[in-house]
Amino acid sequence: MNNAQLDPGDIAALFDRSRLRMARELRGLTQVQLAREAGSVTAASVSQFEKGHTRPATATLQRLAVALRVPLSFFAAPARPPAQEELAGFFRSLRSTSPRDRQQALAYVHLARELALELEKYVALPTLDLPRVPLGEGPSLQATDIEQAATQVRRHWNIPDGPIPDVVRMLEMNGMIVVRFKVSIEKVDAFCVNFPDRPVIALGADKGLRDRSRFDAAHELGHLILHGNQSQIGDKVTEGQAHAFAAAFLMPASDIKHELPTQLDWPTLLRLKAKWHVSLAALLVRAKTLGVMSEHVYAQAWKALSARGWRKIEPGPLGNPEVPVLLQRALKLLETTGVSYSEFLRRAGLPEADVTTLLDRDVSERPRVQL
């Protein structure tokens, strides 16, 4: 029996406290605000529901569903292990993002995992193949360890030498879920959550630069490979390690070192940007890291970048960011089994508007010329 076939009393009996919290955080509401929206329920009661100390009565649950704009069946526990609530995700800077913004972004990522796991009941998604490189504790990682880890991942995934044509596609082919969405959260950058069954990487929809977006995706892969769930979140050491992994993954030393200029040569750097699909800034850092460019030349380059305004908008645009396709293609395949999109959402009890937000591709697609 799917969730859509359950009557309200059954749903109340199968109440899943994590689903209530997810729905509340999707809406960006506090417990006090939700109580006010729902009426006839107190913030203390909402807290008790979310902690699992008490269960809402059927009528209360129906009011909560209306206030949160989710199907009543969304609150029924799925027949699988729940996600670990302590998985906090890797955020770039905890100081620049409010707790509520992080919670809302995390709720969307939890929903992405739920969507993927529901889809797997009907179609086979790529098997998760995320190599866990044994590197010890984070702070003790050396630069050579990180370079070696990036090389090992490329070999494990049979990535040929040279630039990676599509980083997002590579992640999806190896079983990770990638979403690109904007939920009125301007200060939340790319981040990831290391769910054991389906890790999710979220890319910001407002960053319309292909080079930076590719680096973001590789950076989040670095967290999943190097840090698992163990390291501090948002600290400089962890972020620096993920950055170093991204650079080595996108620009292997053996492939790019001989191409990098020793002196400041913008035409050469622009050609390399077009070839490797990374930013000028990333190329400069790589040249310094690999010992090709001296500290003096590197400092001059950054002064020139700043003076020209290139730290914000670089020359040589590379086009639209890479687009996640796994979830959309899984849904299209689902329809060939005779289950429509709306019927699938009804059976799964997932809120259609939020799933549509997760699948929104408008930010990356070029407008079509009308003739």
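Modeller: Happy to! The expected span of a helix is 1.5 Å times one less than its number of residues, and helices (H or I, at least four residues) and strands (E, at least two) are DSSP runs, numbered from the N terminus. This is a predicted model, where local features need pLDDT of at least 70, side-chain atom pairs count only at pLDDT 80 or more, and totals for chains, interfaces and linings use all residues. Residues are numbered from 1 along each chain as its sequence is written, and side-chain values use heavy atoms, with hydrogens and water left out.

Let's start with helix α6, residues 99-119: its 21 residues reach 30 Å from first C-alpha to last, close to the 30 Å expected at 1.5 Å a residue. Of those 21 residues, 17 are buried (under 20% relative accessible area, with exposed over 50% and partly exposed in between; 1.4 Å probe, protein chains only), so α6 is largely enclosed by the rest of the structure.

Helix α13 (residues 280-289) is mostly covered too, with seven of its ten residues buried. Among them are Leu 280, Leu 283, Leu 284 and Arg 286. Their cover includes α7 (143-156), α9 (210-226) and α14 (295-307), by contact, meaning heavy atoms within 4.5 Å. After α13 comes Gly 291, with a positive phi near 75°.

Strand β3 (residues 200-204) has five of five residues buried, so it is largely enclosed as well. Val 200, Ala 202 and Gly 204 point one way from β3, while Ile 201 and Leu 203 point the other. Strand β2 (residues 191-193) pairs with β3 in the antiparallel sense over three bridges (pairing takes at least two DSSP bridges), and Phe 191 has Ala 202 as its bridge partner in β3. Six residues lie between β2 and β3 in this hairpin.
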